[in-house]
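Dear colleague,

Please find the structure handed over below, together with its sequence. I would be grateful if you would read the notes that accompany it.

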Amino acid sequence: LNLMNLNEIIRYIDVNKIDSIVHCAARVGGIKANSEKPGEFYYENVIMNSNVLEAARIMGVKKVVSFLSTCIFPDGAEFPLSVDQIHKGEPHSSNYGYAYAKRMLEVQSRAYRDQYGCNFVTVIPCNIYGPNDNYNLDSAHVIPSLIHKCYLAKEENTYFEIWGTGRPYREFIYSKDVARLVQWVLENYNHSDPLILSPDEEINMAILAQTIASRMDFWGSLYYNGEMDGQQRKPSDNSKLKTMIPDFEFTPIEQGIQESIDWFVENYSGHIRL
């Protein structure tokens, strides 16, 4: 299904009798891809998002849950990141094309709710990782990129290179936790405000790289190249989520990383886009 084509989406919804959509499709990538191709990231995501919501409106789809990203917040936002700050400043320059496209997805969802009464809601997960992730070194996010690079460093008996200084902190959420949370959102959350999906824990990039190296039995040198740090911190306000689902238990990051490593090693040959 080509999400860049409105008519294809309309036909697909019609043929398959779709009554709800979880829209997490996107042109995505890490800091390298975002920095090099901001125009492509903006255009493709704006078109995809616009088409999915417009097709859902035309076909009377009862519920759409769309994925935003923590990168939509202004570069100078106060911590923790909260939904009332989304449109109060420029996003970080390293991924502004993608960030603005995701902001427009929130705007369109809200506009369609106001004009047409569509039950379109949005969620903002922090960095998602897990099995079946994109491990392509040109476009992968932090954890899959580090796992792939560490694997190659071990195989080739060379150093393990990490982009940046290792000083920034990030929040990470395991893909299986996202799936459980979004199932709940689909069934229970019907508000126009985006819902932030994140655990309480931030992890330092150097600690993250060292954890991956240890769990992959890599005992060589770690080299921080000092480039492409991005924002130093992006802690988010998950208080609304904790109020609505107080008993939800997040997968410990050590467990999630190990399961991600196991999947990567098992599927490296012939199954991962390199």
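Predicted model: local features only at pLDDT ≥ 70, side-chain atom pairs only at ≥ 80, totals over all residues.

Residues are numbered from 1 along each chain as its sequence is written, and side-chain values use heavy atoms, with hydrogens and water left out.

Overall form. The protein contains nine helices and ten strands; these are DSSP runs numbered from the N terminus, helices being H or I of at least four residues and strands E of at least two. Its C-alpha trace spans about 60 × 40 × 40 Å along the principal axes. The radius of gyration is 19 Å, which agrees with the value near 19 Å for a compact globule of 274 residues (taken over C-alpha atoms, the rule being 2.2 Å times the number of residues to the power 0.38). Of the 274 residues, 50% are buried (buried means under 20% relative accessible area, exposed over 50%, and partly exposed in between, with a 1.4 Å probe and protein chains only).

Backbone. Most residues other than glycine have a negative phi, and most peptide bonds are trans. The bond from Phe79 to Pro80 is cis, with omega near 0°, and Pro80 sits in the loop between β2 (63–67) and α4 (96–116). Asn132 has a positive phi, near 70°, in the loop between β4 (127–129) and α5 (142–156); Asn132 is exposed, at 60% relative accessible area. Asp217 also has a positive phi, of about 55°. The loop that holds Asp217 runs between α7 (205–215) and β10 (222–224), and Asp217 is partly exposed at 47%.

Of its 20 lining residues, Pro199, Asp200, Glu201, Phe250 and Thr251 are the closest to its centre. A pocket here is an open set of points on a 1 Å grid over the protein atoms alone, where a 1.4 Å probe fits, with protein on both sides within 12 Å along at least five of seven lines; lining residues have an atom within 4 Å of a point. The largest share of the lining, three residues, comes from β7.

Yours sincerely
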